[in-house]
Amino acid sequence: MEEVEVIHSWSAPRSLSTSLMYSFAQRDDTEVLDEPLYGAFLQVTGAERPYRDEVLSTMETDGGKVVKEVIFGPGRKKFRFCKHMAKQRLPGLPSELMKRGKHIILIRNPLDILPSFNEVAPPTFLEVGLALLVTMYSELHDLGNPPAIVDAGELQRDPEGTLRGLCEDLNIPFQSAMLKWEAGPKPIDGAWAPWWYGSIHKSTGFKTEHKYPKPFPPSYYDVLEQCLPFYDFLKRRVKRSFSPLSPCLPSPSLPVPANEKLLAWVGDAILPRESAKVSVFDSVVQGGDSVWEGLRIYNGKIFKLNEHLDRLFDSAKALAFNNVPTREEVKEAIYTTLIRNGMFDNSHIRLSLTRGKKVSSGMSPAFNLYGCTLIVLPEWKPPVYDNTKGIVLVTASTRRNSPNNLDSKIHHNNLLNNILAKIEGNNAHADDAIMLDKDGYVSETNATNIVMDLVVQEGFLLEERRISLSEFHTADEVWTTGTMGELSPVVKIDGRLVGDGNVGPVTRQLQNAYKKLTDDSGVPIPTYQKRFDLMFSYLKLYYLDI
(Lines give C-alpha, C1' and ligand atoms only; values in the text may rest on other atoms or scores of the structure.)
Protein backbone atom coordinates (compact mmCIF):
# COMPACT_ATOMS: atom_id res chain seq x y z
CA MET A 1 0.00 0.00 0.00
CA GLU A 2 1.29 3.43 -0.91
CA GLU A 3 0.13 7.02 -1.22
CA VAL A 4 -2.00 7.56 -4.34
CA GLU A 5 -2.66 10.57 -6.51
CA VAL A 6 -6.37 11.40 -6.36
CA ILE A 7 -8.43 12.49 -9.35
CA HIS A 8 -11.73 14.05 -8.25
CA SER A 9 -14.63 14.09 -10.71
CA TRP A 10 -17.41 16.52 -9.75
CA SER A 11 -20.72 16.56 -11.59
CA ALA A 12 -24.47 16.80 -11.46
CA PRO A 13 -26.54 13.59 -11.55
CA ARG A 14 -27.29 12.08 -14.98
CA SER A 15 -24.15 13.61 -16.51
CA LEU A 16 -22.41 10.39 -17.67
CA SER A 17 -20.41 10.47 -14.44
CA THR A 18 -20.76 6.71 -14.01
CA SER A 19 -19.61 6.17 -17.61
CA LEU A 20 -16.52 8.26 -16.88
CA MET A 21 -15.93 6.22 -13.71
CA TYR A 22 -16.19 2.97 -15.70
CA SER A 23 -13.78 4.44 -18.26
CA PHE A 24 -11.12 5.19 -15.63
CA ALA A 25 -11.71 1.78 -14.03
CA GLN A 26 -10.37 0.17 -17.22
CA ARG A 27 -6.93 1.73 -16.68
CA ASP A 28 -4.23 -0.53 -15.26
CA ASP A 29 -2.90 2.23 -13.00
CA THR A 30 -6.18 3.49 -11.48
CA GLU A 31 -8.61 2.37 -8.78
CA VAL A 32 -12.04 4.00 -8.53
CA LEU A 33 -14.48 4.98 -5.78
CA ASP A 34 -18.19 5.48 -6.46
CA GLU A 35 -19.42 8.54 -4.53
CA PRO A 36 -17.46 7.99 -1.30
CA LEU A 37 -19.14 11.03 0.31
CA TYR A 38 -22.70 9.72 -0.23
CA GLY A 39 -23.02 8.15 3.21
CA ALA A 40 -21.96 11.36 4.97
CA PHE A 41 -24.36 13.32 2.76
CA LEU A 42 -27.34 11.15 3.74
CA GLN A 43 -26.35 11.20 7.41
CA VAL A 44 -26.05 14.99 7.61
CA THR A 45 -28.95 16.03 5.38
CA GLY A 46 -31.42 13.33 6.39
CA ALA A 47 -32.37 12.99 2.72
CA GLU A 48 -34.76 10.16 2.07
CA ARG A 49 -33.69 7.57 -0.48
CA PRO A 50 -35.03 4.03 -1.03
CA TYR A 51 -31.51 2.71 -0.40
CA ARG A 52 -30.75 5.01 2.54
CA ASP A 53 -30.47 2.30 5.22
CA GLU A 54 -28.18 0.14 3.12
CA VAL A 55 -25.86 3.07 2.35
CA LEU A 56 -25.68 4.17 5.98
CA SER A 57 -24.90 0.64 7.13
CA THR A 58 -22.18 -0.03 4.56
CA MET A 59 -20.43 3.34 4.10
CA GLU A 60 -18.45 5.60 6.41
CA THR A 61 -20.72 8.49 7.43
CA ASP A 62 -18.15 10.73 9.09
CA GLY A 63 -17.17 13.17 6.33
CA GLY A 64 -13.80 13.96 7.89
CA LYS A 65 -12.87 10.30 8.03
CA VAL A 66 -14.04 9.75 4.46
CA VAL A 67 -11.75 12.50 3.20
CA LYS A 68 -8.69 11.50 5.24
CA GLU A 69 -8.98 7.71 5.31
CA VAL A 70 -11.00 6.73 2.25
CA ILE A 71 -10.35 9.37 -0.42
CA PHE A 72 -6.74 10.12 0.54
CA GLY A 73 -5.96 6.80 2.21
CA PRO A 74 -3.18 4.53 0.89
CA GLY A 75 -3.90 2.40 -2.16
CA ARG A 76 -2.54 -0.31 -4.42
CA LYS A 77 -2.37 1.72 -7.63
CA LYS A 78 -0.83 5.02 -8.70
CA PHE A 79 -4.12 6.89 -9.20
CA ARG A 80 -7.49 6.90 -7.44
CA PHE A 81 -10.50 8.20 -9.38
CA CYS A 82 -13.25 9.47 -7.07
CA LYS A 83 -16.67 10.10 -8.56
CA HIS A 84 -18.47 12.86 -6.60
CA MET A 85 -21.82 14.61 -6.91
CA ALA A 86 -21.43 18.36 -6.35
CA LYS A 87 -24.18 18.46 -3.72
CA GLN A 88 -22.30 15.90 -1.59
CA ARG A 89 -19.58 18.40 -0.77
CA LEU A 90 -21.07 19.68 2.48
CA PRO A 91 -19.81 22.48 4.77
CA GLY A 92 -17.31 21.31 7.36
CA LEU A 93 -15.42 18.81 5.22
CA PRO A 94 -11.62 19.08 5.46
CA SER A 95 -10.17 21.76 3.18
CA GLU A 96 -7.69 19.27 1.74
CA LEU A 97 -10.56 17.79 -0.27
CA MET A 98 -10.24 20.72 -2.68
CA LYS A 99 -6.58 21.55 -2.18
CA ARG A 100 -5.18 18.09 -2.88
CA GLY A 101 -5.37 16.03 -6.03
CA LYS A 102 -6.53 16.88 -9.53
CA HIS A 103 -10.07 17.95 -10.25
CA ILE A 104 -12.46 17.40 -13.15
CA ILE A 105 -15.77 19.20 -13.53
CA LEU A 106 -18.07 17.12 -15.73
CA ILE A 107 -21.01 19.05 -17.18
CA ARG A 108 -23.98 18.13 -19.31
CA ASN A 109 -26.59 20.23 -21.05
CA PRO A 110 -29.69 20.56 -18.81
CA LEU A 111 -31.75 19.76 -21.90
CA ASP A 112 -30.31 16.25 -21.57
CA ILE A 113 -30.04 16.06 -17.78
CA LEU A 114 -33.64 16.91 -16.94
CA PRO A 115 -35.45 14.29 -19.09
CA SER A 116 -32.94 11.64 -17.95
CA PHE A 117 -33.31 12.69 -14.31
CA ASN A 118 -37.08 12.42 -14.56
CA GLU A 119 -36.79 8.69 -15.22
CA VAL A 120 -35.64 8.27 -11.61
CA ALA A 121 -36.88 11.28 -9.62
CA PRO A 122 -38.40 14.74 -10.30
CA PRO A 123 -35.53 17.17 -10.92
CA THR A 124 -35.08 20.46 -9.09
CA PHE A 125 -32.57 23.26 -9.49
CA LEU A 126 -30.72 22.22 -6.32
CA GLU A 127 -30.69 18.52 -7.24
CA VAL A 128 -29.18 19.25 -10.65
CA GLY A 129 -26.37 21.13 -8.90
CA LEU A 130 -24.94 23.22 -11.75
CA ALA A 131 -24.74 26.29 -9.54
CA LEU A 132 -22.61 24.29 -7.10
CA LEU A 133 -20.28 23.31 -9.94
CA VAL A 134 -19.76 26.98 -10.82
CA THR A 135 -18.96 27.68 -7.16
CA MET A 136 -16.42 24.83 -7.18
CA TYR A 137 -14.85 26.11 -10.38
CA SER A 138 -14.32 29.54 -8.83
CA GLU A 139 -13.00 28.12 -5.57
CA LEU A 140 -10.52 25.80 -7.30
CA HIS A 141 -9.28 28.69 -9.42
CA ASP A 142 -8.77 30.80 -6.31
CA LEU A 143 -6.81 27.93 -4.75
CA GLY A 144 -4.51 27.83 -7.77
CA ASN A 145 -5.80 24.35 -8.62
CA PRO A 146 -7.95 25.00 -11.74
CA PRO A 147 -10.10 22.05 -12.82
CA ALA A 148 -10.33 20.40 -16.22
CA ILE A 149 -13.85 20.86 -17.60
CA VAL A 150 -15.40 18.13 -19.74
CA ASP A 151 -18.76 18.28 -21.50
CA ALA A 152 -20.63 14.97 -21.53
CA GLY A 153 -21.85 15.76 -25.04
CA GLU A 154 -18.24 15.81 -26.24
CA LEU A 155 -17.64 12.41 -24.60
CA GLN A 156 -20.51 10.95 -26.61
CA ARG A 157 -19.57 12.60 -29.92
CA ASP A 158 -15.81 12.03 -29.77
CA PRO A 159 -14.88 9.72 -26.87
CA GLU A 160 -11.25 9.18 -27.82
CA GLY A 161 -10.48 12.81 -28.63
CA THR A 162 -12.16 14.06 -25.47
CA LEU A 163 -10.47 11.46 -23.23
CA ARG A 164 -7.07 12.17 -24.78
CA GLY A 165 -7.58 15.85 -24.09
CA LEU A 166 -8.67 15.13 -20.52
CA CYS A 167 -5.63 12.93 -19.87
CA GLU A 168 -3.43 15.68 -21.25
CA ASP A 169 -5.04 18.17 -18.85
CA LEU A 170 -4.49 15.75 -15.96
CA ASN A 171 -0.91 15.08 -17.08
CA ILE A 172 -1.48 11.32 -17.24
CA PRO A 173 -1.01 8.99 -20.23
CA PHE A 174 -4.06 8.09 -22.28
CA GLN A 175 -4.93 4.38 -22.38
CA SER A 176 -7.11 3.03 -25.17
CA ALA A 177 -8.76 0.64 -22.70
CA MET A 178 -10.71 3.66 -21.39
CA LEU A 179 -12.96 3.56 -24.46
CA LYS A 180 -14.76 0.26 -23.70
CA TRP A 181 -16.09 -1.76 -20.76
CA GLU A 182 -18.20 -4.86 -20.24
CA ALA A 183 -21.98 -4.49 -19.97
CA GLY A 184 -23.71 -5.26 -16.68
CA PRO A 185 -23.30 -4.35 -12.97
CA LYS A 186 -19.79 -3.81 -11.60
CA PRO A 187 -18.25 -4.60 -8.20
CA ILE A 188 -17.35 -0.91 -7.92
CA ASP A 189 -21.01 0.19 -8.12
CA GLY A 190 -22.57 1.90 -5.12
CA ALA A 191 -25.62 0.49 -3.36
CA TRP A 192 -27.83 2.89 -5.33
CA ALA A 193 -26.92 1.28 -8.68
CA PRO A 194 -30.22 -0.67 -9.09
CA TRP A 195 -32.14 2.63 -8.96
CA TRP A 196 -29.84 4.79 -11.11
CA TYR A 197 -27.58 2.63 -13.32
CA GLY A 198 -30.08 0.69 -15.43
CA SER A 199 -29.17 2.31 -18.74
CA ILE A 200 -25.41 2.47 -18.11
CA HIS A 201 -25.38 -1.26 -17.33
CA LYS A 202 -26.59 -1.87 -20.88
CA SER A 203 -23.73 0.18 -22.36
CA THR A 204 -20.20 -0.78 -23.34
CA GLY A 205 -18.91 2.72 -24.14
CA PHE A 206 -19.74 6.40 -24.41
CA LYS A 207 -21.36 6.33 -27.83
CA THR A 208 -25.14 6.62 -27.77
CA GLU A 209 -27.39 4.54 -30.01
CA HIS A 210 -29.89 7.39 -30.32
CA LYS A 211 -29.13 10.04 -32.93
CA TYR A 212 -31.90 12.36 -31.78
CA PRO A 213 -32.84 13.39 -28.22
CA LYS A 214 -36.09 12.73 -26.41
CA PRO A 215 -38.81 15.40 -26.35
CA PHE A 216 -38.22 17.88 -23.55
CA PRO A 217 -40.94 17.87 -20.84
CA PRO A 218 -42.60 21.34 -20.79
CA SER A 219 -43.12 20.99 -17.05
CA TYR A 220 -39.35 21.40 -16.55
CA TYR A 221 -39.04 24.58 -18.63
CA ASP A 222 -38.60 26.78 -15.54
CA VAL A 223 -35.87 24.53 -14.13
CA LEU A 224 -34.17 24.59 -17.53
CA GLU A 225 -34.12 28.41 -17.52
CA GLN A 226 -32.61 28.38 -14.03
CA CYS A 227 -29.89 25.88 -14.93
CA LEU A 228 -28.78 27.04 -18.39
CA PRO A 229 -26.81 30.16 -17.36
CA PHE A 230 -24.61 28.04 -15.09
CA TYR A 231 -24.10 25.40 -17.76
CA ASP A 232 -23.26 28.11 -20.32
CA PHE A 233 -20.70 29.65 -17.94
CA LEU A 234 -18.85 26.34 -17.62
CA LYS A 235 -19.35 25.36 -21.28
CA ARG A 236 -17.48 28.49 -22.38
CA ARG A 237 -14.50 27.26 -20.38
CA VAL A 238 -14.26 23.86 -22.02
CA LYS A 239 -10.90 23.75 -23.85
CA ARG A 240 -12.12 21.53 -26.67
CA SER A 241 -15.60 22.33 -27.85
CA PHE A 242 -17.49 20.82 -30.77
CA SER A 243 -20.52 22.15 -32.59
CA PRO A 244 -22.44 19.87 -34.96
CA LEU A 245 -23.14 22.86 -37.22
CA SER A 246 -19.64 24.34 -37.47
CA PRO A 247 -16.05 23.12 -37.75
CA CYS A 248 -13.90 22.89 -34.65
CA LEU A 249 -12.01 26.19 -34.73
CA PRO A 250 -9.44 27.54 -32.28
CA SER A 251 -10.48 30.52 -30.19
CA PRO A 252 -9.50 33.66 -32.14
CA SER A 253 -7.42 36.39 -30.57
CA LEU A 254 -9.09 39.79 -30.22
CA PRO A 255 -7.65 42.90 -31.93
CA VAL A 256 -7.72 44.57 -28.50
CA PRO A 257 -7.43 41.93 -25.72
CA ALA A 258 -8.98 44.27 -23.13
CA ASN A 259 -12.31 43.90 -24.97
CA GLU A 260 -12.57 40.31 -23.77
CA LYS A 261 -14.07 41.59 -20.52
CA LEU A 262 -16.27 44.43 -21.73
CA LEU A 263 -19.82 45.11 -20.57
CA ALA A 264 -22.59 45.89 -23.07
CA TRP A 265 -26.10 47.27 -22.70
CA VAL A 266 -28.83 45.06 -24.18
CA GLY A 267 -32.50 45.96 -23.70
CA ASP A 268 -32.52 47.33 -20.17
CA ALA A 269 -29.49 45.64 -18.61
CA ILE A 270 -25.70 45.67 -18.72
CA LEU A 271 -24.23 42.24 -19.41
CA PRO A 272 -20.78 40.63 -19.82
CA ARG A 273 -19.58 40.18 -23.40
CA GLU A 274 -20.55 36.51 -23.77
CA SER A 275 -23.97 37.07 -22.19
CA ALA A 276 -24.85 40.19 -24.20
CA LYS A 277 -27.32 38.67 -26.67
CA VAL A 278 -30.68 39.47 -28.20
CA SER A 279 -33.64 37.15 -28.59
CA VAL A 280 -33.93 34.99 -31.70
CA PHE A 281 -37.32 36.70 -32.05
CA ASP A 282 -35.73 40.17 -32.25
CA SER A 283 -36.31 42.02 -35.50
CA VAL A 284 -32.61 42.57 -36.06
CA VAL A 285 -32.25 38.77 -36.27
CA GLN A 286 -35.43 38.23 -38.25
CA GLY A 287 -34.77 40.84 -40.94
CA GLY A 288 -31.98 43.29 -40.10
CA ASP A 289 -34.79 45.57 -38.93
CA SER A 290 -32.78 48.04 -36.88
CA VAL A 291 -31.06 51.42 -37.04
CA TRP A 292 -27.60 52.25 -35.75
CA GLU A 293 -24.92 54.88 -35.15
CA GLY A 294 -21.20 54.85 -34.48
CA LEU A 295 -19.91 57.05 -31.65
CA ARG A 296 -16.32 57.83 -30.68
CA ILE A 297 -15.14 58.95 -27.25
CA TYR A 298 -12.33 61.47 -26.78
CA ASN A 299 -11.04 62.71 -23.42
CA GLY A 300 -14.24 62.09 -21.49
CA LYS A 301 -16.56 63.42 -24.23
CA ILE A 302 -18.76 61.77 -26.84
CA PHE A 303 -18.08 63.34 -30.22
CA LYS A 304 -21.15 64.62 -32.12
CA LEU A 305 -23.49 62.71 -29.80
CA ASN A 306 -26.53 64.90 -30.43
CA GLU A 307 -26.06 64.86 -34.19
CA HIS A 308 -25.81 61.06 -34.18
CA LEU A 309 -28.91 60.77 -31.99
CA ASP A 310 -30.79 63.07 -34.39
CA ARG A 311 -30.06 60.65 -37.22
CA LEU A 312 -30.87 57.60 -35.07
CA PHE A 313 -34.31 58.92 -34.16
CA ASP A 314 -34.97 60.17 -37.71
CA SER A 315 -34.12 56.71 -39.03
CA ALA A 316 -36.39 55.05 -36.46
CA LYS A 317 -39.21 57.40 -37.46
CA ALA A 318 -38.65 56.74 -41.16
CA LEU A 319 -38.98 53.00 -40.46
CA ALA A 320 -42.14 53.61 -38.36
CA PHE A 321 -40.74 52.18 -35.10
CA ASN A 322 -43.15 52.19 -32.16
CA ASN A 323 -42.47 52.36 -28.42
CA VAL A 324 -39.11 54.02 -28.99
CA PRO A 325 -37.09 54.92 -25.85
CA THR A 326 -36.72 58.63 -25.18
CA ARG A 327 -33.62 60.58 -26.10
CA GLU A 328 -32.73 60.93 -22.42
CA GLU A 329 -33.13 57.19 -21.85
CA VAL A 330 -30.75 56.45 -24.71
CA LYS A 331 -28.25 58.98 -23.38
CA GLU A 332 -28.40 57.52 -19.88
CA ALA A 333 -27.81 54.02 -21.27
CA ILE A 334 -24.75 55.30 -23.17
CA TYR A 335 -23.35 57.14 -20.14
CA THR A 336 -23.96 54.21 -17.79
CA THR A 337 -22.33 51.72 -20.15
CA LEU A 338 -19.23 53.87 -20.63
CA ILE A 339 -18.87 54.54 -16.90
CA ARG A 340 -19.28 50.85 -16.04
CA ASN A 341 -16.47 50.02 -18.47
CA GLY A 342 -14.28 52.94 -17.45
CA MET A 343 -14.15 53.99 -21.11
CA PHE A 344 -13.44 57.69 -21.32
CA ASP A 345 -11.02 57.86 -24.25
CA ASN A 346 -9.83 55.93 -27.31
CA SER A 347 -13.06 53.96 -27.43
CA HIS A 348 -16.00 53.48 -29.77
CA ILE A 349 -19.68 52.64 -29.40
CA ARG A 350 -21.86 50.76 -31.84
CA LEU A 351 -25.31 52.07 -30.90
CA SER A 352 -28.24 50.05 -32.25
CA LEU A 353 -31.98 50.40 -31.85
CA THR A 354 -33.98 47.44 -33.17
CA ARG A 355 -37.71 47.34 -33.79
CA GLY A 356 -37.71 44.90 -30.89
CA LYS A 357 -38.76 41.38 -30.08
CA LYS A 358 -41.68 39.73 -31.86
CA VAL A 359 -44.41 37.58 -30.33
CA SER A 360 -44.01 35.21 -33.29
CA SER A 361 -41.53 34.93 -36.15
CA GLY A 362 -42.50 36.80 -39.28
CA MET A 363 -41.87 39.97 -41.23
CA SER A 364 -44.84 42.05 -40.08
CA PRO A 365 -44.14 44.83 -37.54
CA ALA A 366 -47.57 43.99 -36.12
CA PHE A 367 -45.79 41.18 -34.25
CA ASN A 368 -43.53 43.69 -32.46
CA LEU A 369 -45.40 44.17 -29.18
CA TYR A 370 -42.52 44.40 -26.69
CA GLY A 371 -41.07 47.77 -27.66
CA CYS A 372 -37.67 48.53 -29.17
CA THR A 373 -34.41 46.89 -28.11
CA LEU A 374 -31.53 49.26 -27.35
CA ILE A 375 -27.96 47.96 -27.72
CA VAL A 376 -24.92 49.92 -26.55
CA LEU A 377 -21.78 48.03 -27.57
CA PRO A 378 -18.60 49.78 -26.33
CA GLU A 379 -15.09 48.74 -27.34
CA TRP A 380 -11.58 49.92 -26.79
CA LYS A 381 -10.87 50.78 -30.41
CA PRO A 382 -8.11 52.94 -31.86
CA PRO A 383 -8.72 54.20 -35.42
CA VAL A 384 -9.00 51.19 -37.71
CA TYR A 385 -6.87 52.66 -40.52
CA ASP A 386 -3.29 53.87 -40.85
CA ASN A 387 -3.92 57.60 -40.88
CA THR A 388 -0.22 58.42 -41.01
CA LYS A 389 0.80 56.58 -44.17
CA GLY A 390 -2.64 56.41 -45.78
CA ILE A 391 -4.94 53.72 -47.10
CA VAL A 392 -5.57 51.93 -50.40
CA LEU A 393 -8.99 51.70 -52.06
CA VAL A 394 -10.46 49.66 -54.90
CA THR A 395 -13.72 50.18 -56.73
CA ALA A 396 -16.37 47.55 -56.02
CA SER A 397 -18.70 46.18 -58.65
CA THR A 398 -21.46 46.24 -56.03
CA ARG A 399 -23.47 49.45 -56.39
CA ARG A 400 -24.74 51.55 -53.52
CA ASN A 401 -28.43 51.27 -52.72
CA SER A 402 -30.55 53.73 -54.65
CA PRO A 403 -33.32 55.70 -52.88
CA ASN A 404 -35.58 54.00 -55.43
CA ASN A 405 -34.95 50.77 -53.48
CA LEU A 406 -33.83 51.60 -49.94
CA ASP A 407 -32.90 55.15 -48.98
CA SER A 408 -29.41 55.22 -47.47
CA LYS A 409 -30.39 58.28 -45.46
CA ILE A 410 -32.11 55.75 -43.24
CA HIS A 411 -29.13 54.50 -41.23
CA HIS A 412 -30.38 50.92 -41.10
CA ASN A 413 -28.73 47.64 -40.15
CA ASN A 414 -29.44 45.91 -43.44
CA LEU A 415 -25.82 46.24 -44.55
CA LEU A 416 -25.49 43.39 -47.05
CA ASN A 417 -24.93 45.93 -49.81
CA ASN A 418 -21.88 47.30 -47.96
CA ILE A 419 -20.68 43.87 -46.87
CA LEU A 420 -20.57 42.61 -50.45
CA ALA A 421 -18.42 45.62 -51.36
CA LYS A 422 -16.18 44.98 -48.36
CA ILE A 423 -15.68 41.37 -49.51
CA GLU A 424 -14.43 42.72 -52.83
CA GLY A 425 -12.06 45.05 -50.97
CA ASN A 426 -10.77 42.22 -48.80
CA ASN A 427 -10.20 39.99 -51.81
CA ALA A 428 -8.17 42.77 -53.42
CA HIS A 429 -6.16 43.26 -50.19
CA ALA A 430 -7.34 46.86 -50.03
CA ASP A 431 -8.31 48.80 -46.91
CA ASP A 432 -11.76 49.63 -48.24
CA ALA A 433 -13.90 49.64 -51.37
CA ILE A 434 -15.39 52.61 -53.21
CA MET A 435 -19.06 52.16 -54.05
CA LEU A 436 -20.63 53.81 -57.09
CA ASP A 437 -24.26 54.80 -57.41
CA LYS A 438 -26.60 53.37 -60.04
CA ASP A 439 -25.34 55.92 -62.60
CA GLY A 440 -21.65 55.16 -62.04
CA TYR A 441 -20.76 58.18 -59.91
CA VAL A 442 -18.85 57.86 -56.65
CA SER A 443 -21.20 57.41 -53.70
CA GLU A 444 -19.00 56.45 -50.72
CA THR A 445 -16.79 53.68 -49.49
CA ASN A 446 -18.40 50.65 -47.90
CA ALA A 447 -17.73 52.04 -44.40
CA THR A 448 -17.06 55.80 -44.54
CA ASN A 449 -18.37 59.10 -45.85
CA ILE A 450 -16.16 61.19 -48.13
CA VAL A 451 -17.44 64.78 -47.73
CA MET A 452 -17.04 66.69 -44.46
CA ASP A 453 -17.82 70.15 -43.10
CA LEU A 454 -14.25 70.84 -42.03
CA VAL A 455 -13.36 71.70 -45.63
CA VAL A 456 -15.41 74.91 -45.35
CA GLN A 457 -14.20 75.69 -41.84
CA GLU A 458 -10.60 75.55 -43.00
CA GLY A 459 -11.24 78.05 -45.78
CA PHE A 460 -11.25 75.67 -48.72
CA LEU A 461 -13.80 75.90 -51.48
CA LEU A 462 -16.41 73.15 -51.18
CA GLU A 463 -18.33 72.18 -54.26
CA GLU A 464 -21.05 69.59 -53.86
CA ARG A 465 -21.70 67.70 -57.09
CA ARG A 466 -21.57 64.23 -58.56
CA ILE A 467 -18.01 63.01 -59.07
CA SER A 468 -16.94 60.38 -61.56
CA LEU A 469 -14.45 57.66 -60.76
CA SER A 470 -11.89 59.06 -63.21
CA GLU A 471 -11.85 62.31 -61.22
CA PHE A 472 -10.87 60.28 -58.17
CA HIS A 473 -8.14 58.52 -60.14
CA THR A 474 -6.63 61.89 -61.13
CA ALA A 475 -7.23 63.85 -57.90
CA ASP A 476 -4.35 65.52 -56.06
CA GLU A 477 -5.66 64.35 -52.68
CA VAL A 478 -8.46 62.09 -51.42
CA TRP A 479 -9.54 61.27 -47.88
CA THR A 480 -12.40 59.46 -46.15
CA THR A 481 -14.02 60.10 -42.78
CA GLY A 482 -15.96 58.01 -40.29
CA THR A 483 -16.14 57.27 -36.57
CA MET A 484 -14.21 54.01 -36.99
CA GLY A 485 -11.31 55.44 -38.98
CA GLU A 486 -11.49 59.19 -38.32
CA LEU A 487 -9.95 61.18 -41.22
CA SER A 488 -8.00 58.75 -43.38
CA PRO A 489 -5.74 59.80 -46.29
CA VAL A 490 -6.13 57.76 -49.48
CA VAL A 491 -2.82 57.16 -51.31
CA LYS A 492 -3.90 54.69 -54.01
CA ILE A 493 -7.15 53.90 -55.86
CA ASP A 494 -7.48 50.94 -58.21
CA GLY A 495 -3.71 50.66 -58.54
CA ARG A 496 -3.28 54.37 -59.35
CA LEU A 497 -1.33 56.64 -57.00
CA VAL A 498 -3.26 59.59 -55.60
CA GLY A 499 -1.04 62.60 -56.25
CA ASP A 500 2.52 61.47 -55.57
CA GLY A 501 1.36 58.60 -53.36
CA ASN A 502 1.99 60.48 -50.09
CA VAL A 503 -0.33 62.22 -47.66
CA GLY A 504 -0.90 65.71 -49.04
CA PRO A 505 -0.83 69.11 -47.26
CA VAL A 506 -4.60 69.68 -47.47
CA THR A 507 -5.26 66.31 -45.87
CA ARG A 508 -2.72 67.03 -43.11
CA GLN A 509 -4.37 70.36 -42.41
CA LEU A 510 -7.78 68.76 -42.22
CA GLN A 511 -6.45 66.00 -39.94
CA ASN A 512 -5.12 68.66 -37.56
CA ALA A 513 -8.44 70.49 -37.71
CA TYR A 514 -10.27 67.24 -37.01
CA LYS A 515 -8.03 66.58 -34.01
CA LYS A 516 -8.72 70.07 -32.64
CA LEU A 517 -12.44 69.61 -33.19
CA THR A 518 -12.48 66.35 -31.23
CA ASP A 519 -10.44 68.00 -28.45
CA ASP A 520 -12.70 71.03 -28.17
CA SER A 521 -16.19 69.60 -28.69
CA GLY A 522 -18.36 66.72 -27.59
CA VAL A 523 -20.90 65.92 -24.89
CA PRO A 524 -19.18 65.31 -21.52
CA ILE A 525 -19.65 61.95 -19.83
CA PRO A 526 -21.10 62.55 -16.33
CA THR A 527 -18.65 61.82 -13.47
CA TYR A 528 -15.64 62.02 -15.82
CA GLN A 529 -14.61 65.51 -14.70
CA LYS A 530 -15.36 64.60 -11.07
CA ARG A 531 -12.98 61.65 -11.36
CA PHE A 532 -10.17 63.92 -12.49
CA ASP A 533 -11.00 66.61 -9.93
CA LEU A 534 -10.81 63.94 -7.22
CA MET A 535 -7.54 62.59 -8.62
CA PHE A 536 -6.10 66.13 -8.68
CA SER A 537 -7.19 66.66 -5.05
CA TYR A 538 -5.42 63.47 -3.99
CA LEU A 539 -2.26 64.49 -5.82
CA LYS A 540 -2.40 67.96 -4.29
CA LEU A 541 -2.73 66.54 -0.78
CA TYR A 542 0.08 64.08 -1.48
CA TYR A 543 2.50 66.78 -2.57
CA LEU A 544 1.49 69.03 0.35
CA ASP A 545 2.31 66.17 2.74
CA ILE A 546 5.74 65.83 1.09
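How many residues has helix α16, and how far does the helix reach from its first C-alpha to its last? In this predicted model, local features need pLDDT of at least 70, side-chain atom pairs count only at pLDDT 80 or more, and totals for chains, interfaces and linings use all residues. Residues are numbered from 1 along each chain as its sequence is written, and side-chain values use heavy atoms, without hydrogens and water.

Helix α16 (residues 416-427) has 12 residues and reaches 16 Å, close to the 16 Å expected at 1.5 Å a residue; the expected span is 1.5 Å times one less than the number of residues. Helices (H or I, at least four residues) and strands (E, at least two) are DSSP runs, numbered from the N terminus. Asn417, Asn418, Ala421 and Gly425 of α16 are buried (under 20% relative accessible area; exposed, over 50%; partly exposed, in between; 1.4 Å probe, protein chains only). Seen down the helix axis, these buried residues fall within an arc of 90° and so line one face of α16, the arc being that of the directions from the axis to the C-beta atoms. Leu416 and Asn427 are exposed on the face turned away from the buried side. Just after α16, His429 takes a positive phi of about 60°.

An open sheet of 7 strands has the order β7-β6-β11-β10-β8-β9-β18, with antiparallel pairing; two strands pair if DSSP finds at least two bridges between them. The edge strands, each pairing on one side only, are β7 (269-272) and β18 (523-524). Antiparallel strands β6 (residues 263-266) and β7 are joined by 4 bridges, and Ala264 has Leu271 in β7 as its bridge partner.
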